[in-house]
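Let's take a walk through this protein together. Have a look at the fold first, and then we'll go through it piece by piece.

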Amino acid sequence: MARRALKLASWTSMALAASGFYLYSNKYLDPNDFGAVRVGRAVATTAVISYDYFTSLRSVPYGSEEYLQLRSKVHLRSARRLCELCCANRGTFIKVGQHLGALDYLLPEEYTSTLKVLHSQAPQSSMQEVRQVIREDLGKEIHDLFVSFDDTPLGAASLAQVHKAVLRDGRTVAVKVQHPKVQAQSSKDILLMEVLVLAVKQLFPEFEFMWLVDEAKKNLPLELDFLSEGRNAEKVAQMLKQFDFLKIPRIYWELSTKRVLLMEFVDGGQVNDRGYMERNKIDVSEVSRHLGKIYSEMIFVNGFVHCDPHPGNVLVRKHPGTGKAEVILLDHGLYQVLTEEFRLDYCHLWQSLIWRDMKKVKKYSQRLGAGELYPLFACMLTARSWNSVHRGISQAPVTAAEESEIRDNAANYLPQISQLLSHVPRQMLLIFKTNDLLRGIEAALGTRASASSFLNMSRCCIRALASHKKKNTCSFFRRTQISFSEAFNLWQINLHEFILSVKGLRLANWVLALLCWLFPASH
């Protein structure tokens, strides 16, 4: 009996060793793809982070200088562990990590700055896997469909990667191919995240992060359906066709499926690359104005919002025909559809913020779910201090001191911020993310919080509110009255913008005259 047991143990050990060696040596099988490995890694990381917070801050007086310094160190350690987990588990984990990294003015800087690297550290599928997905979805080999197909992707993201190729009819295209394992792993990963967030909530009841899981649960299936992405691209191209400075790549439906998307290839530089714009003589301020107009129109007028405007998804170039600056909008997988009630309340709120109507700021913040935390909500929305909100966000640009204050508050008010995010409408969460990504672009371009951007927002709000009023009245006299009021309000904004430009020109002339007087030209 003992000999039989020893023999069985020997055979079992040999089988396990052989299996382990096979998995290790086989480049197409990755141990990271096994559920037990992914679950174990996620559980271990969550436990270590929770233990670090629980023990490191327990014996230090809350709010003291020592507490703040120690908390910053714990935030940084935890952010690095979370980043390592996302890189190891890939797919859904990287997507959620990127979402957190985009919340610049809502989460502590230690987290956002650490998790930002996930935009450039997304995994790449091998060419073997790319061929497999194309074969399964299109029923043909790559060489049957394309004259040429670049093995090196133009870019890789958490869910897919893009290759440049040339079709047999000579058209140059961008081929977006989904990572083969993401579809199968996504639902299990979200379930795992849900369990872990609930477990952390038991230890730290003041932190509400279930909104993050709910968003991933709702949005991931949409982002994994490339046919839905293609329809979004065509919808927004039609919706914003009046903007001749916006380019949405055309979709080639005959070779597109849920996991493969063929688009017109359009080249350009990333929207935060000032060097590219300077080399190509593209006006940075003009690009910033274009971006503001596009997003104001999406949010306030149409209620259909592209929610992933990170620099890799927004390119700029000189239009081949006119030579003017053109914005190229890519990756249309994630859109937020705003209800009419939400969109109108949001219009009223921004109008109140721009024109310093504090009573209406409170009213419409509370209508959007902020409750008594409406001052914090206004600060989160504008990424300005409460003092600046009171003075008027269009009155002065953001200073370095104010920027520092905002980032400190993101750490100090984290429990209140997480509570607020769990109470506002779900639509608001992606709007926050979109706002923060756009601010990051403006900061890189040096055009943040310019008066012209607020005036463009105000124009869109006026048009949206007037359109709603006209739609809900049958009286010709009332419609005429609304149209007249709309025209008058838009004229006031144009006049205000003109006065600002004259003031700026006069100031520039004064400065020039002063310089000429101080440093007269020698003859």
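Start with a pair of helices: the axes of helix H14 (residues 358–367) and helix H15 (residues 374–382) come within 9 Å and cross at roughly 90°. That makes H14 roughly perpendicular to H15, a label used for angles of 65 to 115 degrees, while under 35 degrees counts as roughly parallel, over 145 as roughly antiparallel and the rest as oblique. Axes here are lines fitted to C-alpha atoms, for helices over the stretch in contact, and angles run from 0 to 180 degrees between N-to-C directions. On the H14 side, Val 361, Lys 362, Ser 365 and Gln 366 meet Tyr 374, Phe 377 and Ala 378 of H15, where contact means heavy atoms within 4.5 Å. Sorted by type, the residues of this contact are four nonpolar, two polar and one charged. For that sorting, Ala, Val, Leu, Ile, Met, Phe, Trp, Tyr, Cys and Pro count as nonpolar, Asp, Glu, Lys and Arg as charged, and the others, Gly among them, as polar.

A quick word on where this comes from. This is a predicted model, in which local features need pLDDT of at least 70 and side-chain atom pairs count only at pLDDT 80 or more, while totals for chains, interfaces and linings use all residues. Residues are numbered from 1 along each chain as its sequence is written, and side-chain values use heavy atoms, with hydrogens and water left out.

Now step back to the whole protein. It has 21 helices and eleven strands; these are DSSP runs numbered from the N terminus, with helices (H or I) of at least four residues and strands (E) of at least two. Of its 523 residues, 47% count as buried, meaning under 20% relative accessible area, with exposed over 50% and partly exposed in between (1.4 Å probe, protein chains only).

Another helix pair is worth a look. How do helix H12 and helix H13 cross? The axes of H12 (residues 284–302) and H13 (residues 340–354) come within 8 Å, at a crossing angle of roughly 120°. That makes H12 oblique to H13. Ile 299, Phe 300, Val 301 and Asn 302 of H12 make the contact with Arg 343, Tyr 346, Cys 347 and Trp 350 of H13. In this contact there are six nonpolar residues, one polar and one charged.

On to the strands. Four of them form an open sheet with mixed pairing, in the order E5-E10-E9-E7; two strands pair if DSSP finds at least two bridges between them. At the edges are strand E5 (246–247) and strand E7 (269–270), each pairing on one side only. H12 turns up again here, packing on the sheet and touching E5, E9 and E10, with its direction at about 45° to that of E10. Within the sheet, strand E9 (residues 314–318) and strand E10 (residues 325–329) run antiparallel, joined by five bridges. Val 314 stands opposite Leu 329 in E10.

Three bridges join E3 to strand E1 (residues 146–149), and the two run antiparallel; Ser 148 has Val 166 in E3 as its bridge partner. E3 also runs antiparallel to strand E4 (residues 172–178), with seven bridges, including Val 162 opposite Lys 176 in E4. E3 and E4 form a hairpin with four residues between them, and Gly 170 in the turn has a positive phi of about 95°.
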